[in-house]
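Visitor: I would like to learn how to read a protein structure. Could we take it one feature at a time?

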Amino acid sequence: MNDYLKSIVQNLPDLPGCYQYLDKSGEVIYVGKAKNLKRRVSSYFNREHINRKTQLLVEKIHDIRYIVVK
C-alpha cells in the first residue's frame with residue numbers, strides 16, 4: 001500500500017458508512033458498506049487474501065472515497 005492510501009485508511013473514522021475504491025483512471029471499481037469504516041477498509045490492506053479476485057481488486061486500488069452515514 002502506498003503512502004497516499006495509507007494516510008486515507010489511517011484517518012478513516014470508526015463510524016458506519018459507505019466506501020468506494022477507485023482505479024488509476026478514477027473509475028469506481030468497488031462499492032461497500034461498513035458498520036466501522038476504519039476496521040472494514042483496513043482489513044483489505046492488513047492481510048494476505050486467499051481469494052485471487054480480492055487480491056486483484058486490492059492491487060488496482062488507487063484512491064478511496066467514503067461517506068459517513070447514520
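Contacts of one residue

Guide: Leaving aside neighbours within four places in sequence, K60 is in contact with L22, D23, K24 and I29. Contact means that heavy atoms lie within 4.5 Å. This is a predicted model, in which local features need pLDDT of at least 70 and side-chain atom pairs count only at pLDDT 80 or more, while totals for chains, interfaces and linings use all residues. Residues are numbered from 1 along each chain as its sequence is written, and side-chain values use heavy atoms, with hydrogens and water left out.

Visitor: In which element is K60 found?

Guide: Helices (H or I, at least four residues) and strands (E, at least two) are DSSP runs, numbered from the N terminus. K60 belongs to helix α3, residues 52-60. K60 and D23 are 37 residues apart in sequence, yet their C-alpha atoms are 5.5 Å apart in space.

Visitor: What does K24 touch, not counting residues up to four places away in sequence?

Guide: K24 touches K60 and H62. K24 lies in the loop between β1 and β2. From K24 to V58 there are 34 residues in sequence and 12 Å in space, C-alpha to C-alpha.

Visitor: Is K24 buried or exposed?

Guide: Buried means under 20% relative accessible area, exposed over 50%, and partly exposed in between, with a 1.4 Å probe and protein chains only. K24 has 75% relative accessibility, so it counts as exposed. F45, in helix α2 (residues 37-45), counts as buried because its relative accessibility is 16%. D63, in strand β3, has a relative accessible area of 23% and is therefore partly exposed.

Visitor: Which residues does F45 touch, not counting those up to four places away in sequence?

Guide: F45 touches M1, L5, V9, V58, I61 and I64. The C-alpha atoms of F45 and K6 are separated by 8.9 Å, and the two residues are 39 residues apart along the chain.

Visitor: And which residues does D63 touch, with residues up to four places away left out?

Guide: D63 touches Y4, L5, I8, Q20, Y21 and L22. One of these, Q20, is 43 residues from D63 along the chain, with 8.3 Å between the C-alpha atoms.

Visitor: How many bridges join β1 to β2?

Guide: Two strands pair if DSSP finds at least two bridges between them. Six bridges join β1 (residues 17-22) to β2 (residues 28-34), and the two strands run antiparallel.

Visitor: How does β1 run relative to β3, parallel or antiparallel?

Guide: β1 and β3 (residues 63-68) run antiparallel and are joined by six bridges. G17, for instance, has V68 in β3 as its bridge partner.

Visitor: In what order do the elements run from the N terminus?

Guide: The order is α-β-β-α-α-β. The chain has three helices and three strands. Its radius of gyration is 11 Å, close to the 11 Å that the globule rule gives for 70 residues, so the chain is as compact as a globular protein of that length. The radius is taken over C-alpha atoms, and the rule is 2.2 Å times the number of residues to the power 0.38.

Visitor: What percentage of the residues is buried?

Guide: Buried residues make up 33% of the 70 residues in the chain. The C-alpha atoms fill a box of roughly 30 × 25 × 20 Å, taken along the principal axes. Of the contacts between residues at least 6 apart in sequence, 56% join residues at least 24 apart.
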